[in-house]
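Trainee: I would like to learn how to read side-chain pairs in a model. Where do we start?

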Amino acid sequence: MANKDAAFGFRPVRHLSGGLIRTNEYKIAANYGTAIYQGQCVIAVTAGGIEAAAAGNVVLGVFGGCFYTDPTTSKPTFSNHYPASTNASDIVAQVYDDPRIVFEVQHDGTGTAAMNFGGFDFTGTGGSSLSGRSTQEIGTSTLATTGQWKQIGISKDPSNSDTSTANVNAYVVPSQDLHFFLQAATLA
C-alpha cells in the first residue's frame, strides 16, 4: 500500500536511554522575519536565541512551540508556530534540544532500511499557519556518510512504513558532527 504523503516535520517519539522527552526554553528576537513551525529544525544564535535552520546548518534542536504576549491583543499566547515578524519582546520558544531524542520524520523520496545509519539533511522550511506544523522532511537524495540527521530505523506506522514506495516515515537522531551540543565549537 502506498504511503501517505503528509510531511509533519520532526516529531519526538522516544529517548535513546529511555529518559523523558523534554524541551528547553530559548528566546526568539522581536521582529525575527522568518516563521518557525512545530517540528522544524532550529539553530542557536548569539545571546541564547534561536532561528530557523537551513539544510547543512549545525542544528540545535526541533521547535516545539512558543509563548509570547500578542502585540495586537496584549494577551498571553501559546502557539505551535512563531508567526514571522512578531513584534513582542517576550517570545520564548520550546525546543527539543537533547541529542538523544529519537524523532519520526517523513522521507521526500523512497527511504529503505538499507539506509539505516546513513546521514541525511532535511529539506523544506514551510509549514501550516492553521495547524502550526512544519512540512520539513528528510531529503532522501542527500544520503551520505554525513548529514544533519542519522536514520536509525523505519517507522512502525502502518500508513507510512512501506519501503517500496515514496514518503516512508523513518526514525532519526541528530548526527554528532552537526548537533550544537555535540560540537566543540561555541558561539561568541
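Mentor: With salt bridges: a side-chain nitrogen of Lys or Arg within 4 Å of a carboxyl oxygen of Asp or Glu. This is a predicted model, so local features need pLDDT of at least 70, side-chain atom pairs count only at pLDDT 80 or more, and totals for chains, interfaces and linings use all residues. Residues are numbered from 1 along each chain as its sequence is written, and side-chain values use heavy atoms, without hydrogens and water.

Trainee: How many salt bridges does the rule give here?

Mentor: One. Arg11 pairs with Glu104, with the closest N and O atoms 3.5 Å apart. Arg11 lies in strand E1 (residues 11-15) and Glu104 in strand E10 (residues 101-106), so the pair ties together parts 93 residues apart in sequence. Strands are DSSP runs of at least two residues, numbered from the N terminus.

Trainee: How is a pair of aromatic rings described?

Mentor: By the distance of the centres and the angle of the planes. Rings of Phe, Tyr and Trp (its six-membered ring) pair if their centres lie within 6.5 Å; planes under 30 degrees apart are stacked, over 60 edge-to-face, the rest tilted. The whole structure has four such pairs. Among them, Phe10 and Trp149 are stacked, 4.5 Å centre to centre with 25° between the planes.

Trainee: Which residues form a cluster?

Mentor: Phe10, Phe103 and Trp149 form one aromatic cluster.

Note on methods:
Helix = DSSP H or I, 4+ residues; strand = E, 2+ residues; numbered from the N terminus.
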